[in-house]
Amino acid sequence: MKATFMYGPGDVRVEDVPKPTVIEPTDAVIKVTAACVCGSDLWPYRGIAKLGPRAPMGHEYVGVVETVGSDVRLVGPGDFVVGSFFASDNTCEICRSGYQSRCVINQGVRGAQAEYLRVPLADGTLVATPSVPDAALIPSLLTASDVLGTGWFAAVAAEAAPGKTVVVVGDGAVGLLGVLAAKQLGAERVIAMSRNPVRQALAEEFGATDIVTERGDEGVARVKAMTGGIGAHCVIEAVGTQQAMEQAIHACRPGGHVGFVGVAHEVQLRGLDLFYSGVHLHGGPAPVRRFLPELIRLILDRAINPGLVFDLTVPLEQAPAAYQAMDERRAIKALLQP
Ligand SMILES: [Zn+2]
């Protein structure tokens, strides 16, 4: 089968490798229907984060179950499944409290940008749809695997709710779907921070009521001016840089909530600054599995259309071009078709 590997910064290759097989009795092997390139894949692509010498790429996927191990009970061959980017047993104390991405059996899913994928802890990681969904819904279901689930967690962590003003820092796919989530959770006002006209338009389609183009201290001043001088109730941080994190904390009012889901790179918070901000900070790798049943239902009901974040679709063989397009910000998010 074909699978995608990163050899080093800027060096992504699609190669022929043996099909994965069930190794543990809790595994499933799925035939991947669609996968995609994640914003977090760009960190090693840009040389900012390090991976192994030939890293199997991809952790977002939907597909059809081919085979399952002897202990798998909840999904079976032929099921169409959406899975989270972290494998979880969904039974340990951390999973039961809703933090499946920090399951005590800490295991990521890797190698989804391929024709077949081995998913560990299949019963706790995969959610089957009632039937094989309409092809038009595949992109949206794929977003549930990570970006939508992550944007949703950020909005929940920021306590987006009716009557609240939510600021979204970051106009990548996660930030844009954070806008969608905030809107769905009933936020009264959703302020998207973006300088890119295409992304601004998508943010508005997803429910943004205001756009702020300024960044850093100017962006914070603009948000303050729009919120009676006190800052927003809720802020979503979906970038992971020092500037974005500071912008998020400073745009939030005392007593407000910051949901941070951008993978932090070299972010250092100053103690006194944090102390006097008086904000709640809650974030980390999103427990996508917690939200999957609800997100799948909203998508199958056509209540939301998060698949609009895919503005590039290419065959799996062209994965290197997909990385390049996202790296150069020519594409918001690229879908790969095995
Ligand atoms: Zn667990």
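This is a predicted model: local features need pLDDT of at least 70, side-chain atom pairs count only at pLDDT 80 or more; totals for chains, interfaces and linings use all residues.
User: What makes a helix or a strand here, and how many does the protein chain have?

Analyst: Both are DSSP runs, numbered from the N terminus: helices are H or I with at least four residues, strands are E with at least two. The protein chain has 12 helices and 18 strands.

User: Why is the protein chain called as compact as a globular protein of its length?

Analyst: The radius of gyration is taken over C-alpha atoms, and the globule rule is 2.2 Å times the number of residues to the power 0.38. For 338 residues the rule gives 20 Å; the protein chain has 19 Å, which is close, so the label holds.

User: Why does Arg302 count as exposed?

Analyst: Count other C-beta atoms, placed from the backbone, within 10 Å of the residue's own: 20 or more is buried, 12 or fewer is exposed, in between is partly exposed. Arg302 has 11 such neighbours, so it counts as exposed. Arg302 sits in the loop between helix H11 (288-300) and strand E17 (310-315). Across the protein chain, buried residues make up 52% of the 338.

User: Why are H8 and H9 called roughly parallel?

Analyst: Axes are lines fitted to C-alpha atoms, for helices over the stretch in contact, and angles run from 0 to 180 degrees between N-to-C directions. Under 35 degrees is roughly parallel, over 145 roughly antiparallel, 65 to 115 roughly perpendicular, the rest oblique. Helix H8 (residues 216-226) and helix H9 (residues 242-251) cross at roughly 25°, their axes coming within 9 Å. H8 and H9 are therefore roughly parallel.

User: Which residue classes make up the contact of H5 with H6?

Analyst: The contact (C-beta atoms, placed from the backbone, within 7 Å) includes Leu148 and Trp152 of H5 and Leu177 and Leu180 of H6. Its residues divide into 11 nonpolar, 3 polar and no charged. Ala, Val, Leu, Ile, Met, Phe, Trp, Tyr, Cys and Pro count as nonpolar, Asp, Glu, Lys and Arg as charged, and the others, Gly among them, as polar.

Definitions and conventions
Residues are numbered from 1 along each chain as its sequence is written. Two residues are in contact if their C-beta atoms, placed from the backbone, lie within 7 Å.
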